[in-house]
Amino acid sequence: MQKLGVGVIGVGHFGRYHALKTAASERADLVGVSDPDAGRAAAVAAEAGCVVRPLDELIATSDAVIVAAPADSHFALARRALEAGRHVLVEKPIAATVEEAEILGRLACERGLVLQVGHLERFSAAHGAVAARMGKPLYIEAVRIAPFKPRGTDVSVILDLMIHDLDLILALVAQPIESIDAVGAAVASAHEDIANARVRFVNGCVATVTASRISLKTERRMRIFSEAGYLAVDFAARRLSLVGRGQGGGPRTPGFEEFGIEQAGWEDHDALAAEHAAFHAACLDGAPVLVDAEAGRRALEAAIGVGRSIAESRARAEASGLIGGH
């Protein structure tokens, strides 16, 4: 079996998982790891059974690299690898600006290289269960809240958490965004820790997205309305409820016997292993890239739009005296 030589750049919290998953793959060989923290690199290399290599050497000896470094270095590292002729799996967000994302997309296209973006939720069993049951959404409500953790506070909650739901919504709606109205606040870090956005698409669909990393509990829910019915998803409980016309096999809705109720769940699978398998298939077999540079660009553009709207809302609140200026 042909194997892909993979190097992992950045072995912090999530990079370590990438290294271990690569080491365990039947279709990849872990060529090595690289990280500015020499102690951390040595520890993860020992755990994964590989060697630590300088960045240039790692890129030169790999067929593909996984960029799991801090977000502000994604563009420079991914560009460096692509220019060296290497396939790239870059963690989300793809880059810091839309222009940078477009540069990476063009570069990968020109070189005939795979550029996959690490929007892990696209490979989850939950996303598959939702996508299989929902037609064209009219309204989507997504909530993703969690207690505070110092990890990830180098970026806002928009790029840390909300971008996952923005990407899922963009995949479900597949339409350009018309407008964004958002509010948010930095509470425990230098960036927004709570945010709420109302996103309107050109086809009339509306999505409301809430993200918080300073909540007292963890909650992940999504509700979707369409002409076909109503879908409620509890990601933590791995359960969904679908009320819709023509749903068979379940109880009927009292007073609306033409509507059925489906209660379903899903078995979790290893989403990171699925993401890696898709990357390996794209590199080795020429399979389509499920989350490509364009998908990464759209999610980043939406996240930046949320941040811009929050800044505008904050300016209005300060001008009115609702909140104090800094």
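This is a predicted model: local features need pLDDT of at least 70, side-chain atom pairs count only at pLDDT 80 or more; totals for chains, interfaces and linings use all residues.
Local features need pLDDT of at least 70, side-chain atom pairs count only at pLDDT 80 or more, and totals for chains, interfaces and linings use all residues. Residues are numbered from 1 along each chain as its sequence is written, and side-chain values use heavy atoms, with hydrogens and water left out.

**Exercise 1. Determine how the axes of helix 5 and helix 9 are arranged, and describe their contact.**

Step 1. Helices (H or I, at least four residues) and strands (E, at least two) are DSSP runs, numbered from the N terminus. Helix 5 covers residues 98-111 and helix 9 covers residues 293-320.

Step 2. Axes are lines fitted to C-alpha atoms, for helices over the stretch in contact, and angles run from 0 to 180 degrees between N-to-C directions. The two axes come within 9 Å and cross at roughly 180°.

Step 3. Angles under 35 degrees count as roughly parallel, over 145 as roughly antiparallel, 65 to 115 as roughly perpendicular and the rest as oblique. Helix 5 and helix 9 are therefore roughly antiparallel to each other.

Step 4. Contact means heavy atoms within 4.5 Å. From helix 5, Val 98, Ala 101, Glu 102 and Gly 105 meet Ala 293, Arg 297, Leu 300, Glu 301 and Ile 304 of helix 9. By class, this contact has five nonpolar, one polar and three charged residues. Here Ala, Val, Leu, Ile, Met, Phe, Trp, Tyr, Cys and Pro count as nonpolar, Asp, Glu, Lys and Arg as charged, and the others, Gly among them, as polar.

**Exercise 2. Find the buried residues of helix 1 and state what they pack against.**

Step 1. Helix 1 (residues 13-24) has twelve residues and spans 18 Å from first to last C-alpha, close to the 16 Å expected at 1.5 Å a residue. The expected span is 1.5 Å times one less than the number of residues.

Step 2. Buried means under 20% relative accessible area, exposed over 50%, partly exposed in between (1.4 Å probe, protein chains only). Gly 15, His 18, Ala 19 and Thr 22 are buried in helix 1. They lie on the same side of helix 1, because their arc around the axis is only 95°. The arc is that of the directions from the helix axis to the C-beta atoms.

Step 3. Partners of the buried residues of helix 1 include strand 1 (4-9), strand 2 (28-34), helix 2 (38-48) and helix 8 (271-285).

**Exercise 3. Locate the buried residues of helix 5 and the residue that follows this helix.**

Step 1. In helix 5, Val 98, Ala 101, Leu 104, Leu 107 and Ala 108 are buried. They pack against helix 4 (74-83), strand 5 (115-118) and helix 9.

Step 2. Gly 112 follows helix 5 and has a positive phi, near 70°.
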